[in-house]
Amino acid sequence: LLCGDAAGIIDPAAGQGILNAVISATMAAKTIKACISNPGLEAIHLAGYDDWFINSYLDKINRLKHFYSLHGIKIFDTGK
């Protein structure tokens with residue numbers, strides 16, 4: 001399981017490293033507990049964590065894009 005501020009680092013200027021670390025660690029702990037409690041569903045619990053992590057990461061990227069665009073700064077520009 002990926003957890004911690006370095007696992008999903010997006011922009012240090014956002015100032016949410018510690019918050020991201022605590023939230024991802026809490027979700028990781030809940031996932032580990034669910035896997036231990038019901039090993040037959042381990043793959044489902046791990047997939048659920050991955051889904052949460054990826055969606056959380058993408059949401060943060062979109063929020064940062066919006067925030068920076070309000071200030072006239074283009075980031076994550078793919079040229080498309």
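Biologist: Which helix is threonine 31 found in?
Modeller: Keep in mind that this is a predicted model. The chain has two helices and zero strands. Threonine 31 is found in helix α1.

Biologist: Is threonine 31 buried or exposed?
Modeller: Buried residues are those under 20% relative accessible area. Threonine 31 has a relative accessible area of 8%, so it counts as buried.

Biologist: How do α1 and α2 pack, at what angle and with their axes how far apart?
Modeller: Two packed helices are described by the angle between their axes and the distance between the axes. Here α1 and α2 pack at an angle of about 165 degrees, and their axes are 8 Å apart. Angles over 145 degrees count as roughly antiparallel, so α1 is roughly antiparallel to α2. As for the values you asked for, they are about 165 degrees and 8 Å.

Biologist: Is the crossing of α1 and α2 left-handed or right-handed, then?
Modeller: On the α1 side, the contact includes Asn20, Ile23, Ser24 and Met27. On the α2 side, Trp52, Phe53 and Lys60 are among the residues taking part. The crossing of these two helices is right-handed.

Biologist: Which residues does histidine 45 touch, not counting those up to four places away in sequence?
Modeller: Histidine 45 is partly exposed, with a relative accessible area of 24%. Its C-alpha is 9.7 Å from that of lysine 33, a residue twelve places apart from it in sequence. Not counting residues up to four places away, histidine 45 touches Thr31, Ala34, Cys35 and Asn38.

Biologist: Cysteine 35 is on that list. How far apart in space are cysteine 35 and leucine 46, C-alpha to C-alpha?
Modeller: Cysteine 35 lies in helix α1, and its relative accessible area of 10% makes it buried. Leaving aside neighbours within four places in sequence, cysteine 35 is in contact with Glu42, His45 and Leu46. In sequence, cysteine 35 and leucine 46 are eleven residues apart; in space, C-alpha to C-alpha, the separation is 7.8 Å.

Biologist: What about serine 24: how far is a polar atom of its side chain from the backbone oxygen of alanine 21?
Modeller: Serine 24 is found in helix α1, which covers residues 17-37. At 3% relative accessibility, serine 24 counts as buried. From a polar atom of the serine 24 side chain to the backbone oxygen of alanine 21, the distance is 3.3 Å.

Biologist: How many salt bridges does the structure hold?
Modeller: Arginine 63 forms a salt bridge with aspartate 59, and their closest N and O atoms are 2.8 Å apart. For the structure, the count is one.

Biologist: In which helix do arginine 63 and aspartate 59 lie?
Modeller: Arginine 63 is exposed, with a relative accessible area of 58%, while aspartate 59 is partly exposed at 35%. The two are four residues apart, about one turn of the helix. Both lie in the helix spanning residues 42-70, that is, α2.

Biologist: Zooming out, what percentage of the 80 residues in the chain do buried residues make up?
Modeller: Threonine 31 is buried, and so is cysteine 35. Across the 80 residues in the chain, buried residues make up 19%.

Biologist: And among contacts between residues at least 6 apart in sequence, what percentage join residues at least 24 apart?
Modeller: The cut-off for a contact is heavy atoms within 4.5 Å. Of the contacts in the chain between residues at least 6 apart in sequence, the share joining residues at least 24 apart is 57%.

Note on methods:
Residues are numbered from 1 along each chain as its sequence is written. This is a predicted model: local features need pLDDT of at least 70, side-chain atom pairs count only at pLDDT 80 or more; totals for chains, interfaces and linings use all residues. Side-chain values use heavy atoms; hydrogens and water are left out. Buried means under 20% relative accessible area, exposed over 50%, partly exposed in between (1.4 Å probe, protein chains only). A polar contact is a pair of N or O atoms within 3.5 Å; within protein, one must be able to donate a hydrogen and the other to accept it, and residues adjacent in sequence count only if both atoms are side-chain atoms. A salt bridge is a side-chain nitrogen of Lys or Arg within 4 Å of a carboxyl oxygen of Asp or Glu. Axes are lines fitted to C-alpha atoms, for helices over the stretch in contact, and angles run from 0 to 180 degrees between N-to-C directions. Angles under 35 degrees count as roughly parallel, over 145 as roughly antiparallel, 65 to 115 as roughly perpendicular and the rest as oblique. A crossing is left-handed if the near helix is turned anticlockwise from the far one by less than a right angle, and right-handed if clockwise.
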